[in-house]
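Here is a short tour for a reader new to this structure. Take a look at the sequence and the model before reading on.

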Amino acid sequence: MSVELAGHDPDCLFCKIVARKIPSKTVFEDEEFYAFHDIHPWAPVHFLVIPKQHIASMAHIGPEHAGLMGRMMALIPKLAQQEGCNPYPDGGFRLLTNTGAEGGQEVHHLHFHVMGGPRPWLRG
Ligand code: AMP
Ligand code: ZN
């Protein structure tokens, strides 16, 4: 029997990735966040940034998450540059989060897609 960490959902795909029960290609990790390459990239650069804590979606975000969300937003441009997105304004990146079924969300653990690199892209 395994002991699950507080804030993790044992049935969640991205919680399993954080716990290294499912392999992923790491982009960044600290105490609060994990970033990894999307398994089906749309663009030359395509990675996902997630809080390690299980939060199902943006619909679950409230004022108590302001600090966490602020730190995640501040991390993203740094990682985009590190992963090879070209500099703004000719380069840049797309930041996307799908929320709920009608928002196109497939994995119900909050994640931000970061996409960039030279066009054309596979999608978008
Ligand atoms: P969505 O919930 O619609 O924002 O999409 C979930 C994203 O997770 C998709 O872009 C998938 O390609 C990606 N994905 C699903 N499983 C994995 C995995 N095991 N490793 C990396 N990315 C994944
Ligand atoms: Zn989760």
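Is Gln105 buried or exposed? Gln105 is buried, because its relative accessibility is 7% and the cut-off for buried is under 20%. Keep in mind that this is a predicted model.

**Around Gln105**

Gln105 sits in the loop between strand S4 (93-96) and S5. The backbone oxygen of Val107 is 3.0 Å from a polar side-chain atom of Gln105. Setting aside residues up to four places away in sequence, Gln105 touches Ala56, Ser57, Asn98, Thr99 and Gly100.

**The zinc site**

Which residues hold the zinc ion (ligand 2)? Cys12 and Cys15 coordinate the ion through SG, while His54 and His109 use ND1. The distances run from 2.0 to 2.3 Å. The site is tetrahedral, with angles of 106 to 116° among its four donor atoms. For comparison, the ideal angle for four tetrahedral donors is 109.5 degrees. Along the sequence, the donor residues follow the spacing C-x2-C-x38-H-x54-H. Distant parts of the chain are linked here: Cys12 belongs to the segment before helix H1 (13-18), and His54 to the loop between S3 and H2, 42 residues apart.

Cys12 has a relative accessible area of 6%, so it counts as buried. Cys15 is also buried, at 3% relative accessibility. His54 is partly exposed, at 23%. Another cysteine, Cys85, is buried at 8% relative accessibility. The structure holds zero disulfides.

**The nonpolar cores**

In soluble globular proteins, nonpolar side chains tend to be buried together. The largest nonpolar core here has 19 residues. Those with the most contacts inside this core are Ala35, Phe47, Val49, Met72 and Leu79. Which elements give two or more residues to the core? They are strand S1 (26-29), strand S2 (33-37), strand S3 (45-51), helix H2 (66-82) and strand S5 (112-116). H2 gives the most, with seven residues.

Val49 shows how the packing works out for one residue. Beyond four places in sequence, Val49 touches Tyr34, Ala35, Met72, Leu75, Ile76, Leu79, Leu110, His111, Phe112 and Val114. A second, separate core has ten residues, including Phe14, Tyr34, Leu48 and Val107.

His65 is in the loop between S3 and H2. The C-alpha atoms of His65 and Leu95 are separated by 19 Å, and the two residues are 30 apart along the chain.

Trp42 is in the loop between S2 and S3. Apart from residues up to four places away, Trp42 touches Leu96, Met115, Trp121, Leu122 and Arg123. Trp42 and Gln82 are 40 residues apart in sequence and 18 Å apart in space, C-alpha to C-alpha.

The table gives the accessibility of residues discussed above.

| Residue | Relative accessible area | Class |
|---|---|---|
| Cys12 | 6% | buried |
| Cys15 | 3% | buried |
| His54 | 23% | partly exposed |
| His65 | 11% | buried |
| Trp42 | 18% | buried |
| Gln105 | 7% | buried |

Methods
Residues are numbered from 1 along each chain as its sequence is written. Chains are lettered from A and ligands numbered from 1 in the order in which they are written. This is a predicted model: local features need pLDDT of at least 70, side-chain atom pairs count only at pLDDT 80 or more; totals for chains, interfaces and linings use all residues. Side-chain values use heavy atoms; hydrogens and water are left out. A nonpolar core is a set of buried Ala, Val, Leu, Ile, Met, Phe, Trp, Tyr and Cys residues joined through side-chain atoms within 4.5 Å. Buried means under 20% relative accessible area, exposed over 50%, partly exposed in between (1.4 Å probe, protein chains only). Helices (H or I, at least four residues) and strands (E, at least two) are DSSP runs, numbered from the N terminus. Contact means heavy atoms within 4.5 Å. Donors are N, O and S atoms within 2.8 Å of the metal (3.2 Å for Na, K and Ca); water is not among the atoms, so sites may look incomplete. Four donors count as tetrahedral if all angles lie between 85 and 135 degrees; four count as square planar and six as octahedral if opposite donors are over 155 degrees apart and all others between 65 and 115; anything else is irregular. A polar contact is a pair of N or O atoms within 3.5 Å; within protein, one must be able to donate a hydrogen and the other to accept it, and residues adjacent in sequence count only if both atoms are side-chain atoms. A disulfide is a pair of cysteine sulfur atoms within 2.5 Å.
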